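Please open the structure in your viewer and keep the selection panel at hand.

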Amino acid sequence: MWKPNQTGSNTPSTPEPVRPSTPATNFEASPTRPATVGAGANAAAVATGEQATIGKSLVVKGEVTGSESLYIDGKVEGAINLPGNRVTVGRNGQVAANIVAREIVVLGKVRGNCQASDRVDIRSEGSLTGDVIAARISIEDGAFFKGGIDIRKPGGTDLKGGTATPAAAEPVAVEA
């Protein structure tokens, strides 16, 4: 235990990795002292609202629903339904579920269909096996994708409506 009068370094020998987590709520925010948000790729998600995290050692089986963005670094099996929010599958994340969200970012592994009202983003280390329905899709070099892509205009009908024209009717396999 570190004591204030103790000499030497008080920092651990191995630095703590940056974790994508929601910062503590700061009720004393004022114009001269604003509340701070996390830095990095998840700062935009945190700035627009709260973000929940499923850590590396957690396994969730069943349906995940809610009204906040979700960062998954553990395992999820079942269904993820967060229609107005962002779902991010972290580098350690393994998801075997259908995902419905506003925005889906894949850095880990996803097996299941993805439906996004805005966009699906598969990063270079990500892997997605399943069909995608979204207004926009981004697949970086080095990413793995196997499935079909259905591009729908924003505000279009959902899965059951079927009025939007699919951009690719045949399954597409992409591997860089």
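Begin by selecting Glu103 together with its surroundings: leaving aside neighbours within four places in sequence, Glu103 is in contact (heavy atoms within 4.5 Å) with Asn85, Arg86, Val87, Asp118 and Arg119. This is a predicted model, in which local features need pLDDT of at least 70 and side-chain atom pairs count only at pLDDT 80 or more, while totals for chains, interfaces and linings use all residues. Residues are numbered from 1 along each chain as its sequence is written, and side-chain values use heavy atoms, with hydrogens and water left out.

Glu103 itself lies in strand S5; helices (H or I, at least four residues) and strands (E, at least two) are DSSP runs, numbered from the N terminus. Glu103 counts as buried because its relative accessibility is 5%, where buried means under 20% relative accessible area, exposed over 50%, and partly exposed in between (1.4 Å probe, protein chains only).

Now select Arg119, which forms a salt bridge with Glu103, the closest N and O atoms being 3.1 Å apart. Here too distant parts of the chain are linked: Arg119 belongs to strand S7 (residues 114-122) and Glu103 to strand S5, 16 residues apart. Arg119 is partly exposed, since its relative accessible area is 24%.

From Arg119, move to Asp121. These two residues form a salt bridge with closest N and O atoms 3.6 Å apart, and Asp121 is buried, with a relative accessible area of 5%. Which residues do salt bridges with shared partners join into one network? They are Arg86, Arg102, Glu103, Arg119, Asp121 and Arg123. The count of salt bridges comes to 8.

Finally, select strand S3 (residues 69-72), which is covered on both faces: Ser69 and Tyr71 on one side, and Leu70 and Ile72 on the other, are all buried. Strand S1 (residues 51-54) pairs with S3 in the parallel sense over 4 bridges; pairing requires that DSSP find at least two bridges between two strands. In this pairing, Ile54 stands opposite Ile72. S3 also pairs with S4 in the parallel sense, over 3 bridges, and the bridge partner of Tyr71 in S4 is Thr88.

Methods:
A salt bridge is a side-chain nitrogen of Lys or Arg within 4 Å of a carboxyl oxygen of Asp or Glu.
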